Amino acid sequence: MSDAHPAKRARIDEEDQGTSGPSSKPTEPTNYSRGEVWLDDGNVVLVAEGTAFRVLRSILCSNSDVFRDMFTIPQPTDAETWEGCPVVQLQDSKVDLVYVLRALFDSKNTDWFRYNHQATFEAVSALLRLGTKYQIEHLRQDAINRLPACFPSRLEDFAFAKPVEPPYGRWLYSNSSAMKTIPRPELSIAIVNLARSYDLLYLLPPAFYGCAYLPHFTLTHGFLDSDGHRWKLSQDDLNKCLSGAEQLRKICADEHRRLFFAKPSALCDIKHQCTNLLEEERQFLHDDDAPILAGRVSVLSDSSVMWFSSLDLCNDCVNDFTFDHSEMRQETWCRLHAIFDLEIEWPPKASGGL
Ligand SMILES: [Zn+2]
């Protein structure tokens, strides 16, 4: 219905009348709203979900083979235009497209590329998805480089992450500046999906571990991110997560049991005192067994939050417990792929193993 399209009507914008005159430009179509990226010297109009963005074809082509190929296709003579620019309809979300167009055309809004700048998950997700779709490699790679900050392949990177509110553990709010997650543990669901879709399988073990923390409702129903994308685990991944969480609870209970019944260090000079402290702690555990050992999956919490760090044990005993606990954490970390039934190399060799 190109004959009914308002794109070729005369322009009547007041702001333009004073500068170029009302008859110098065609009318802005009323069926599209103007997007925030709009270059007056642009020569192509991209439209997503009814929002139009006027940009430069040469920049699109130099960054994206997909756009370059798209523009080599001859257009019919009655193809839709706006202000003399060809209109290209895209099937993307307009919110996603803005992230990409800001990155390519709006330098004052691209500060997420600056060193130490934290990008939101939504921006990282859009750059990964559209960067891949349109083969804009530097945008795709920027996103890929940021994701491991919150979902690392090495336990020591995981361990240095800052705490978030309990019970979600101490790692989702990364100390890296690469990506903000401000505490939204449900992002683990989105990361599982992105890892599956874009072959970033090394993100899966820490992301599944994050999923295992989630309340059952969130895990089964998914969540909406700030840009309105719904993320939900596939049935197969949900099964893997539930089964893995069950195993983590058993591992967690085993770890606590092993530590609780460990003896004071061979180097301990105050064995009587340390033995009594441990005995009191075991008694406490016995009194309150269920809440401590049941239902917990936080097997990768670092030693500073473990029960033995808050007792008045001697340094030698604390060191022994910390060593034993660290060994168990390493062991669990290296088994995350098996715990969640993931057929991947883990830890990936490229990450330096442990
Ligand atoms: Zn001791």
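Predicted model: local features only at pLDDT ≥ 70, side-chain atom pairs only at ≥ 80, totals over all residues.

Numbering starts from 1 along each chain as its sequence is written.

So, the protein has 15 helices and seven strands; these are DSSP runs, H or I of at least four residues for helices and E of at least two for strands, numbered from the N terminus. Of its 354 residues, 34% are buried, meaning 20 or more other C-beta atoms within 10 Å of their own, with C-beta atoms placed from the backbone (12 or fewer is exposed, in between is partly exposed).

Five strands form an open sheet in the order 1-3-2-5-4, with mixed pairing, where pairing takes at least two DSSP bridges. Strand 1 (33–38) and strand 4 (81–82) are the edges. Strand 4 runs antiparallel to strand 5 (residues 85–90), with two bridges between them.

What about the core? A nonpolar core here is a set of buried Ala, Val, Leu, Ile, Met, Phe, Trp, Tyr and Cys residues joined through C-beta atoms within 7 Å. The largest has 67 residues, and Val100, Leu127 and Ile191 touch the most other members. A second, separate core of six residues includes Phe308 and Leu313.

Last, helix 11 (residues 235–260): at 1.5 Å a residue, its 26 residues should span 38 Å, and the end C-alpha atoms are 37 Å apart, which agrees. That expected span is 1.5 Å times one less than the number of residues. Among the buried residues in helix 11 are Cys241, Leu248 and His256.
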